[in-house]
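Hi everyone, thanks for coming along. I'd like to walk you through one model today, so let's bring it up on the screen.

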Amino acid sequence: MFYFCEVKIHEKYMLRCIQLGKNGLGNTAPNPMVGSIIVHNNKIIGEGHTSPYGGSHAEVNAINSVTDTSLLKEATIYVTLEPCSHYGKTPPCADLILQKQIKTVVVGTLDPHEKVAGKGIKRLKDAGCTVITSVLEEKCKEHHKRFLTFHVKKRPYIILKWAETIDGFIAPDNSLRKENPEPFWITNPYSRQLVHKWRSEEQAILVGTNTAIQDNPKLDTRNWKGKNPIRIVLDKDLKINKDSFLLDSSIKTIIFTEKTSVNTGLNINYHNIIFDENLAKHICNTLYQLNINSVIIEGGSKTLQTFIDSKLWDEARIFKGKNNFNSGTKAPIIKGTKLQTTQIDTDQLILLKND
């Protein structure tokens, strides 16, 4: 019975670590959004989460939050991801734990990063620490899905997003666009604000050529307080108008093309890729090389279908509005495990996971 209760206590504290880690969503990439707490005599005496990229790790922030540091020698530190054991932008967290003489370390899941991958835990054990692993491991893996996908699958975590009408169209017929150049909104303002929140949570956002030309999107977070993602645009033949919002240099933007173009240093970078049947894979490989660990793909239908057909996606977020277009661009065809259906005023939001 004691063992059972002890396990439940570990899970309780790890849930708090996950909760803390979420505070780093959208700010820590390409680092993981780790959460950490320090417990002494069943009381939390310190908490922390990963600072924005380049700042302190969660363990450092948790340790620094402890008022009476003499208690650390008798405390337990909980952390959602294995403490690092290498020098990066900051010193190794494993070394700090040892320096503070914290004797017990509870870890949610292992870090697959080639510079860690068990070395942090080994460092702690070799120094005499008691290390307990795999506490709420599946929940911690879900929490760290972007970071884990990047290091295990060697590609970004990919989120597909689109809105479709009741009759299955994501854009109206081009003749309607000529009559009325204003955007044809499928979703309501609440759903559109949610999309801007999502953008702030991911490292990058991607659209295809037709979407860039027809919609002239900004791909920013103007309806939500949060950082703008890196804008990624597919433009095989460099057809996008120079007056496009996507080329205004206001946000870091990456253009994938087959043409030769010079990087001007004005926040816009051109990268050559091959636009063939393996386009989605080429995009993923280049984004991996650019150290981008998550991307939300917002269109158009052809670009979305390319990733679906290549099975290179992790989750899909699909809005269904209340209107009809009768004709136009058909929505992508996708199959996956339905995780959730939510009503957002007049819209329905369906969340799918790749099987």
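Let me begin with a question: which residues does Thr221 touch, not counting residues up to four places away in sequence? They are His196, Arg199, Ser200, Gly226, Lys227, Asn228 and Pro229, where contact means heavy atoms within 4.5 Å.

Before I go on, a word on the source. This is a predicted model, so local features need pLDDT of at least 70 and side-chain atom pairs count only at pLDDT 80 or more, while totals for chains, interfaces and linings use all residues. Residues are numbered from 1 along each chain as its sequence is written, and side-chain values use heavy atoms, with hydrogens and water left out.

Back to Thr221, then. You'll find Thr221 in the loop between α9 (209-215) and β9; helices (H or I, at least four residues) and strands (E, at least two) are DSSP runs, numbered from the N terminus. Thr221 is buried, at 5% relative accessible area. For these classes, buried means under 20%, exposed over 50%, and partly exposed in between, with a 1.4 Å probe and protein chains only. A polar atom of the Thr221 side chain sits 2.8 Å from the backbone oxygen of Gly226.

Now to salt bridges. Side chains of opposite charge can pair when their charged atoms come close. Counting a side-chain nitrogen of Lys or Arg within 4 Å of a carboxyl oxygen of Asp or Glu, the whole structure has 16 salt bridges. Let me show you a few.

One joins Asp126 to Lys122, with the closest N and O atoms 2.7 Å apart. These two are 4 residues apart in helix α4 (residues 119-126), so about one helical turn separates them. Asp126 is exposed at 56% relative accessible area, and Lys122 is exposed at 52%.

Another pairs Arg155 with Asp314, at 2.8 Å from N to O. Arg155 lies in the loop between α6 and β6 (157-164) and Asp314 in the loop between α11 (301-309) and β13, so this pair ties together parts 159 residues apart in sequence. Are these two buried or exposed? Arg155 and Asp314 are both buried.

Asp248 is in the loop between β9 (230-234) and β10 (253-257), and Arg231 is in strand β9, 17 residues apart. Here Asp248 is partly exposed at 37% relative accessibility, whereas Arg231 is buried at 1%. There is also a network: salt bridges with shared partners join Glu142, Lys145, Glu315 and Arg317.

Some of those names come back in the second largest pocket. Its lining has 38 residues, and Glu142, His143, Lys145, Tyr157 and Glu315 lie nearest its centre. A pocket here is an open set of points on a 1 Å grid over the protein atoms alone, where a 1.4 Å probe fits, with protein on both sides within 12 Å along at least five of seven lines; lining residues have an atom within 4 Å of a point. The largest share of that lining, 6 residues, comes from α5.

Finally, the backbone. A cis peptide bond joins Ala29 and Pro30, with omega about 10 degrees, and another joins Gly299 and Gly300, with omega about 0 degrees. Lys154, though not a glycine, has a positive phi of about 60 degrees; Lys154 lies in the loop between α6 and β6. Thanks, and I'm happy to take questions!

Definitions and conventions
Polar contact = N/O pair within 3.5 Å; in protein donor to acceptor, adjacent residues only side chain to side chain.
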